[in-house]
4 protein chains.
Amino acid sequence: MFSTLRLVCSSISILSMLAVTAAADTRREIQFPDIPGFKTIICDFHTHTVFSDGLVWPTVRMDEAWREGIDAIAVTDHIEYQPHSDYVSTDHNASYEVARPAAQRNKIMLIKGTEITRGTPPGHFNAVFIKDVDPIDTGEFLDAVGAAMKQGGFVFWNHPGWKGPELGRWQEVHQTLYDKKWLGGVEVLNGTSYYPLAHEWCLEKGLAMLGNSDFHQPSMHKRTETGDHRALTLVFAEEFTQDAIQDALNAARTAAWDQNRIIGREEHLAPLFNASIQVFAPHHKDGGSLWIEMKNNSHLTYELKRTGDIGPESITLEADASIIVRLESVERNAEITLEYTAENVLIAPNKGLPVTLTIPKQP
Amino acid sequence: MFSTLRLVCSSISILSMLAVTAAADTRREIQFPDIPGFKTIICDFHTHTVFSDGLVWPTVRMDEAWREGIDAIAVTDHIEYQPHSDYVSTDHNASYEVARPAAQRNKIMLIKGTEITRGTPPGHFNAVFIKDVDPIDTGEFLDAVGAAMKQGGFVFWNHPGWKGPELGRWQEVHQTLYDKKWLGGVEVLNGTSYYPLAHEWCLEKGLAMLGNSDFHQPSMHKRTETGDHRALTLVFAEEFTQDAIQDALNAARTAAWDQNRIIGREEHLAPLFNASIQVFAPHHKDGGSLWIEMKNNSHLTYELKRTGDIGPESITLEADASIIVRLESVERNAEITLEYTAENVLIAPNKGLPVTLTIPKQP
Amino acid sequence: MFSTLRLVCSSISILSMLAVTAAADTRREIQFPDIPGFKTIICDFHTHTVFSDGLVWPTVRMDEAWREGIDAIAVTDHIEYQPHSDYVSTDHNASYEVARPAAQRNKIMLIKGTEITRGTPPGHFNAVFIKDVDPIDTGEFLDAVGAAMKQGGFVFWNHPGWKGPELGRWQEVHQTLYDKKWLGGVEVLNGTSYYPLAHEWCLEKGLAMLGNSDFHQPSMHKRTETGDHRALTLVFAEEFTQDAIQDALNAARTAAWDQNRIIGREEHLAPLFNASIQVFAPHHKDGGSLWIEMKNNSHLTYELKRTGDIGPESITLEADASIIVRLESVERNAEITLEYTAENVLIAPNKGLPVTLTIPKQP
Amino acid sequence: MFSTLRLVCSSISILSMLAVTAAADTRREIQFPDIPGFKTIICDFHTHTVFSDGLVWPTVRMDEAWREGIDAIAVTDHIEYQPHSDYVSTDHNASYEVARPAAQRNKIMLIKGTEITRGTPPGHFNAVFIKDVDPIDTGEFLDAVGAAMKQGGFVFWNHPGWKGPELGRWQEVHQTLYDKKWLGGVEVLNGTSYYPLAHEWCLEKGLAMLGNSDFHQPSMHKRTETGDHRALTLVFAEEFTQDAIQDALNAARTAAWDQNRIIGREEHLAPLFNASIQVFAPHHKDGGSLWIEMKNNSHLTYELKRTGDIGPESITLEADASIIVRLESVERNAEITLEYTAENVLIAPNKGLPVTLTIPKQP
């Protein structure tokens, strides 16, 4: 009787939801171009479920990822903090096991992970690309990280500084991890918090920069392409596989993206900008003016401020849209270059990406 | 250490979510006027959590209710169907216990309930206003309903017809329940499905009409006032208490509302329409025309079609908005009445509510 | 002094609007694929300005076209109806002259046109691709159309039937126009009105089907890609030029699009559907089920209903989005074909486009 | 024939627009409470039409005002700048005459006005509540202002500083106007520009603060209540009449509102805040915590920052919504007061309104 009932009931839940929130099953891609040599993969390496202090069943994270255009996701329940344990199993591998079939159906790359949750310092650390959480559930912090590394895992420091700036300092334990080559990255973005100090560490020490949702609640994002999206990590990988993602993390080929801000290294963000923006030859002259179309093929709105001599003082290149810019008193037959800073593309704390808009000669 | 950690971790989850989906904590009221003698209370009597086949922790249902402007809600997990039982407790009272503190903090009336889940016939039945689910978990269907009634519960038939129209018929078992006065109502709306046959039964037999979300997934509704809301039951109650809600259900003083459609009895929907709509004296004459403002103070957009001799062929009175209607060739000093049918206010299957718009004389 | 003031004032108007409605200057493309042999060009052949009974300055139509992703537009002010003539010039060529510089700056193809506005019958007719409106301002209706043809114009019948179905009949005058080869097309869509009779005429007589906004008010459409767009004509042209658009009209290679409905001929809409939809090889097997991703690369949401034996009863392929469809009990190694009707793609009145979804074999 | 045609054509324009942009005819009120002794009236004193350098027919301004919930509006075309004069009448009173019937039908208070448009200094000045623009069209600037005053007009300085801060200074000519009591106010907001210097002048010299759209383009605002609104002036008037509005301007009882910021005097903004916000007695105690509901009955989202000892560090009171605030470790039986600054309510440049949230004792 129950197997019949199961079909029946699962179909009623699907049916009723389809009707009420039809968008649940529809995926809208997040649009970022690839950069030379690498594919741009959209990842969230930090989410929670009812198996620790999250508030959703693990399959919900897979449905959200599909809907929001995410390619790869880790479910990273706390090892040491399971406040629902009166009612929910404390099996550390359960959330991955429950999520896996949904990930396969939804064509999401599900990365196995967990959160090592200690006092500050050291703080909280995610271990991803692991095989089994149980050996990581051990008393000594360094043993726990070591167990993750032994499984071929990648370990990063979560939200440094969320307990106050004074507790978000690089301390001896972090240096130890780093010296052992056990620390692969740091969250420069967690939810809507940006940690500039972490941005600096990553630049200095060659660590991967991560941006993650750290979702506990259900995600409410619907039309992610309008700028309404969770914090995410862009990974620049050689292939569209988990192995290639991990290689990219190890090589620190990442950027972190929240709202309308992207944080990373100039070597990745400059080609990302150049692949995003098309500048066309002037389509019209009128008195001393040239009219030039510019198109942004990405889902990041770029906010530019002029640093050179010509062009409008500021230019907003809206996500997935085009604008027409008017240039006055310029030589028409030469190739024209406009110098700007992309102020919301941070290549270091308080330092926007310098960009050049090259306007082709009229044919 | 863990109690400290608990505070810390719960605050991070709150903080990160506040930032990313700030709307989560904000309530927007659903606007419906009271009707003479009764308060209009917004209720959802059918939702699920991880404790049966739902996909959210019970507190999420309380946060959704706050955000969406709902006054009273029941969590009604299946007794006989608990597909997460490998990982989640099968305690039938657990979802209520977990939800209760969140309901108190959020000022939501939490009604204790459960879903008695049998093959068809009889089908599925919700028991609400109960005290303990355990005695209802019994083999014989009639014993289960009897146990709910013994606790002072109210029992209604869920989604008749979702397994196909032929299975949604009124059968002997339903007559038995009815004869015992154990059947108080029927879902005329479940999610986005409307059951006209159930609408007829309720009219004939004096049963309460219910409209419920039957949510299994997280709710994605944000600005409910724009028409984007779950299926709900409007209860016309003497007071804003659980007892008064139950009295109203017993007296069949309810209506069911989905999207832009409301289903009920003329005796409740006529006063609801009249309390929603204000018609003002003409504010302007121009040649043979009068210009009249009409205002809709409710969150239901009324779609009117003319049945009388004067007025525009159709009038749309958008939710929480005003329009100006032009009347031609009418006597200016008389009180003018316009006869219409509100086509999306169903007082029987395929039968809209007849309404009269009375335009006051110019002062 | 005034030339300085002019610059100053035009810059304040641009500045203040940029700030308040920043989207005004941003173009979002309307996404439709090309079809084999032809480019898909987005056109509106029917708009008004203050030079007849419209309510905007002609340049506004060019700004709207840019913003909304329209490629080519005609401003077609009434010849015989100029209700603003107390204040505004009755020069029939003025709206084109005023609009032209804005069209050039905005990279919009501006097609010169006018509306020949007579009682019913014959009704209203647009003449587009003309050179001078003045010779068309003549007493006899046939002389007016003849004058447009002499200039190399293309003439189509506007909104047949808007004065009531009985006045929307094909009458002697229309047959005369047709026999002279002076009638090139008919509006099957005007604003939100669809004229099924006109759809039939076009199929029978080889006429172009047009869908136009007939805007008099300012356009309020912002994010056209979400389905919120004006009525438009899709033209399937050999090149992206005005001449090629006119050739396509003469060859009746058009379709009319409003909201979520497209009206045309099977020979154009079948390749448009096929170019819009990608079906991928199954990415997952699970028990007896296959999971298949389908992607819609167009801005039309396709509503499919099953006509064959396998597949879900209905499939909604949302605009610019992907879904995953589950197939049960099918042979895995064969190429699978699903037979459906696209119900909102009308190839004749009440007749949806038959489509086949071919699921590639697993590699 | 033409009178018939007129009816026909105007009906087609109405019909087609109703269908395509149905919202055009629907008004949503802007929600601000009255303050003790005064009604809060929503006004825009600065808009343009095709009769100067605007881009819409004057009736469009009346339709926009209706739709956006505006109570009173002035059309203020430039006297000295009429760039459409090749095609459009230069009659300075025409835009008022054309707009008037639409204002009457739409129940909008239409205030007669014009813009006196000179080089800087003196700059641009609006004269409103005038009777005839012609006498104001005179060579000497002071004569022009004098002519407006003679008609009982109210004159204010527009967008001081839009030609650069150095040109936005209070100069001799402004002092002359002020000494003659001819200068009644200054725009502290124009479109999205805020002029802090003007804010200071108004405080020092007792001038009315104005916030106006200065619209030249069509307005794109649809659901103004979500924060998407034009710059506006809130006038605190004794009655809902034009005379009372002018009295209020003369008494400087105004505030200027753009996006999510309001600019004015403490004596008006403090009672506006108090009338907007309801704080309820604690509805729940839990351990050492009290849970308190706060409701914002206005369409301004208030952003509060704590200045006192208790309460959350910051509180966002969203427009037309409620929140629940948790207080820890407070005495339960006393009346509790929370001290905050409303940072987006500017009572002077860089100075937010100090507010007290008084939590009633539990009953």
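**View 1. The area buried between chain A and chain C is about 2,400 Å².** Carbon and sulfur atoms give 53% of that area. The model is predicted. On the chain A side, A:Arg105, A:Lys107 and A:Glu318 lose the most area to chain C. Together these three residues account for 22% of what that side buries.

**View 2. Contact residues line both sides of the interface between chain A and chain C.** Chain A brings 27 residues into contact with 27 residues of chain C.

**View 3. Chain A and chain C are related by a rotation of 180°.** The shift along the axis is 0.0 Å, and chain A superposes on chain C with an RMSD of 0.0 Å. This is the relation of a two-fold axis. The same surface serves both copies. Of the contact residues of chain A, 100% recur in chain C.

**View 4. Salt bridges and polar contacts link chain A and chain C.** How many salt bridges run between the two chains? The count is six. In one salt bridge, C:Arg105 pairs with A:Asp286. Their closest N and O atoms are 3.8 Å apart. Polar contacts between chain A and chain C number 12 residue pairs, with both residues at pLDDT 80 or more.

**View 5. One helix and several strands of chain A supply residues to the side that touches chain C.** Helix α3 (94–106) supplies at least two residues. So do the strands β13 (284–286), β14 (289–296) and β17 (321–328). Which element gives the most to this side of chain A? It is β17(A), with four residues. By residue class, the side of chain A that touches chain C divides into eight nonpolar, seven polar and 12 charged.

**View 6. C:Leu327 sits in strand β17 of chain C.** The strand covers residues 321–328. Is C:Leu327 buried or exposed? C:Leu327 counts as buried because its relative accessibility is 1%, and the cut-off for buried is under 20%.

**View 7. C:Leu327 touches residues from other parts of chain C.** Residues up to four places away in sequence are not counted here. The contacts include C:Gly288, C:Ser289, C:Leu290 and C:Ile292. C:Leu327 also touches C:Gly311 and C:Pro312. Further contacts are C:Ile336, C:Leu338 and C:Ile359.

**View 8. C:Leu327 and C:His48 are 50 Å apart in space, C-alpha to C-alpha.** In sequence, C:Leu327 and C:His48 are 279 residues apart.

Note on methods:
Residues numbered from 1 in each chain as written. Chains lettered and ligands numbered in written order. Predicted model: local features only at pLDDT ≥ 70, side-chain atom pairs only at ≥ 80, totals over all residues. Heavy atoms only, no water. Least-squares fit on C-alpha atoms with pLDDT ≥ 70 in both. Contact = heavy atoms within 4.5 Å. Buried area = accessible area lost by both parts, 1.4 Å probe. Salt bridge = Lys/Arg side-chain N within 4 Å of Asp/Glu carboxyl O. Polar contact = N/O pair within 3.5 Å; in protein donor to acceptor, adjacent residues only side chain to side chain. Nonpolar A, V, L, I, M, F, W, Y, C, P; charged D, E, K, R; others polar. Buried < 20%, exposed > 50% of the residue type's maximum accessible area, 1.4 Å probe, protein only.
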